[in-house]
Amino acid sequence: YLSVLMKLTVVSGAVHQITFSSVSSLPFAVGQVQDAGLIFLGAMAKDIVRRLKGMGVDDESILATATIGLSVFTALLGGALILVGRFKLASYCQLLPSSVVGGYLAYIGFFCGQAGLALMARLDIEGLRDWYKFLDREALTLLTPGVLGGCAIYFSVRTFRHMAVLPSSIAMIMVVFYLILCVKGMS
C-alpha cells in the first residue's frame with residue numbers, strides 16, 4: 001500500500017498548502033506539513049496496525065482505520081492549536097527550558113534522519129540497536145545514492161547562496177536518476 005499512501009501524502013500536502021495560504025490572515029503565508037508531528041503519527045499508526053493485526057483484521061481494513069484515525073487525530077490537533085492561538089496561550093512555551101526544546105529538536109532530527117535512511121534501504125529500523133542492518137550489502141547499495149545526493153545538496157546550498165540552488169539540485173538528482181535507469185535499461 002506504499003504507493004497509495006505516498007499519493008495520499010502528496011494530495012494531503014497540497015490540500016494543506018492551499019488551505020493554509022487561502023485562509024491565513026497573512027498575505028505572504030506559506031506552510032507545509034511539519035516533521036515533528038510525524039513522530040507521533042508514526043507511533044500512532046504503528047500501534048493501530050499492531051493492535052488490529054493482533055485482532056485478525058484484514059490489511060485493507062487496517063489501512064482504512066489508520067488513515068481515517070490519523071486524519072481525525074490531526075484535525076483534533078489542528079483545532080487545539082487554533083484554540084491555543086485564539087486564547088494566546090503560546091507564550092507559555094517560553095517557560096520550557098531551552099535544553100528541553102533543544103533535546104526535542106535533536107530527537108526530531110535524529111528520527112527523521114533514521115527514517116529517511118530506513119526508507120532508502122527498505123528496512124524496518126526501530127532505533128540505534130537496529131543500525132547494524134544498514135551494513136548489509138544491499139542496504140548499502142540502496143543508501144549510497146541517497147546519502148551522496150543529500151551531501152551534494154547540503155554542500156551546494158552552503159556554497160552557492162541562491163534561492164534556486166535547492167530546487168535545482170533536487171530536480172537534477174531526479175534527472176540523473178532517470179538517466180541512469182534509461183542508460184542501464186531498467187524500469
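Predicted model: local features only at pLDDT ≥ 70, side-chain atom pairs only at ≥ 80, totals over all residues.
Local features are described where pLDDT is at least 70, side-chain atom pairs count only at pLDDT 80 or more, and totals for chains, interfaces and linings use all residues. Residues are numbered from 1 along each chain as its sequence is written, and side-chain values use heavy atoms, with hydrogens and water left out.

A search of the whole structure finds six aromatic pairs, a pair being two rings of Phe, Tyr or Trp (its six-membered ring) whose centres lie within 6.5 Å, called stacked if the planes are under 30 degrees apart, edge-to-face if over 60 and tilted otherwise. One of them joins Tyr 107 and Phe 110, which is tilted because the planes stand at 35°, with the ring centres 6.5 Å apart. These two residues are three apart in helix 4 (residues 98-121), and so about one helical turn separates them; a helix here is a DSSP run of H or I with at least four residues, numbered from the N terminus.

Phe 110 is partly exposed at 32% relative accessibility, a term that covers values between buried (under 20%) and exposed (over 50%), using a 1.4 Å probe and protein chains only. The ring of Phe 110 also meets that of Trp 131, with centres 6.1 Å apart and planes at 5°, so this pair is stacked. Because Trp 131 lies in the loop between helix 4 and helix 5 (137-159), the pair ties together parts that are 21 residues apart in sequence.
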